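Thanks for coming. I will go through one model today, starting with its pocket and then turning to the aromatic rings.

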Amino acid sequence: MAPPLLLLGLARMTATAAGPLTPRRAAFDGSLRRLRLLAWTEPRRHLAGYVRQVRLVQELKENDAKCRQAMDSGLYLLFHRLAPFVQRHNSGYRATWLPAAEALRVLDVGGQPPERLHDAVLLDCTPDLTPRFALDTASCANKGALEAALDGSFMKMRSAFFLLSGKDAHMLSKGQALLRWHGDHRFSGRSGRLSLRDASGSKRTCPDTGHVQYPQMAPVVIVLVVDGDRCLLARKDIHPPGMYSTIAGFCDIGENVDMAVRREVAEEVGVTVSSLNFVFSQHWPFPSSSMMLACHAVAEEGHTEQISVDTTELEDARWFSRDEVHSAFSRPVPPEALSGWAVSSPEESSQAAPGDVPFWVPPKWTVAHWLIREWIQVPKLGLMSR
């Protein structure tokens, strides 16, 4: 079937033809009306479903009683001290949505009352309008008992990001960010008193001043610097061995995206850029909750050979040829790179050294991956200002 907008365009163009109303013309006009109906019905049906979802979420945010009632029949992602619960699936891992009854069973195993279910935060709702929540089981001291009851494990978020699908990682990211925000903002900045959260977890209110706080994200620029047929990638000591990524950093007060990109690149690798293009954005849970603003930038001519790495920020940075990057895309993530990452605490980790692992790039659903992939697929990106 042709796309609805194409059908609509065909209907509009053909409808402009003049002529007497013959039986054939009448039948043709009837076909045009059906084309117009088809062109508008499908988008409207999809839009109506999405509108119902977002309006239900908004209603639950504004009505505490309805939100608590929804918790009794919702779905849950579980965390333990902000480490998400995952289960093995085929050759990898997956996030698991638990029905409310199962979440209550987990709380019981951990010796917690059922009222703890109301500590959850609202995430979204499914197309069939089932609300979904995130719940931290930190109050349950025996993490091992919970893992045994659920047949899975609580994994470090950074580990989960390399082992899960993009869809799972996005929801875990949102859940952890909201849970972390509440843990970090328990007290009012106006009075010092313990603030009160609403049922959905979408805000906190100072009991003395009435000041309302909402979860926020910090703006972060992330940029792929290119120079013709090569790009500049870097790694930090927190990265898995062998992984190189794009340059990123927080925006300072008073900066726009352009200013932040130019400053970060100059600070971290000593390179100046002559032009840049904003591409897209992505929520990122690290270090707490960030809005990644992704850009492509071109290194200024005459300032590309000398890289001066700020070792307080980076472990290494260097230029990679298009062929090197293309090879990194064609190979799977080296298993040895993630050995020691699928654990819940640093002391359990035993990683390979960076030099022991082939060069590889971030997972395919990350903003850094898409910046690099776009450069691979569109060679002219390296010549934007040349």
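The largest pocket has a volume of about 740 Å³. This is a predicted model, so local features need pLDDT of at least 70 and side-chain atom pairs count only at pLDDT 80 or more, while totals for chains, interfaces and linings use all residues. Residues are numbered from 1 along each chain as its sequence is written, and side-chain values use heavy atoms, with hydrogens and water left out.

A pocket here is found on a 1 Å grid over the protein atoms alone: it is an open set of points where a 1.4 Å probe fits, with protein on both sides within 12 Å along at least five of seven lines, and lining residues have an atom within 4 Å of a point. The volume is the space filled by probe spheres set on the points, which are joined across faces, edges and corners.

Which residues lie nearest the centre of the largest pocket? They are Lys236, His239, Ala248, Trp284 and Met292, out of 39 lining residues. Elements giving two or more residues to that lining include helix 6 (157–163), strand 11 (218–227), strand 12, strand 13 and helix 11 (367–377). Helices (H or I, at least four residues) and strands (E, at least two) are DSSP runs, numbered from the N terminus. By class, the lining has 22 nonpolar, 7 polar and 10 charged residues. Ala, Val, Leu, Ile, Met, Phe, Trp, Tyr, Cys and Pro count as nonpolar, Asp, Glu, Lys and Arg as charged, and the others, Gly among them, as polar.

Now the rings. There are 6 aromatic pairs; Phe, Tyr and Trp rings (six-membered for Trp) pair if their centres lie within 6.5 Å, with planes under 30 degrees apart stacked, over 60 edge-to-face and the rest tilted. Tyrosine 76 and phenylalanine 133 are stacked, at 5.3 Å centre to centre and 20° between the planes. Tyrosine 76 is in strand 1 and phenylalanine 133 in strand 6, so the pair ties together parts 57 residues apart in sequence. Both tyrosine 76 and phenylalanine 133 are buried, meaning under 20% relative accessible area with a 1.4 Å probe, protein chains only.

Tyrosine 244 and phenylalanine 320 have ring centres 5.1 Å apart and planes at 65°, so that pair is edge-to-face. Tyrosine 244 and phenylalanine 320 are both buried, and ring pairs link Tyr244, Phe320 and Phe359 into a cluster.

Last, threonine 246. It lies in the loop between strand 12 (230–235) and strand 13 (247–250), and at 8% relative accessibility threonine 246 counts as buried.

Notes:
Buried means under 20% relative accessible area, exposed over 50%, partly exposed in between (1.4 Å probe, protein chains only).
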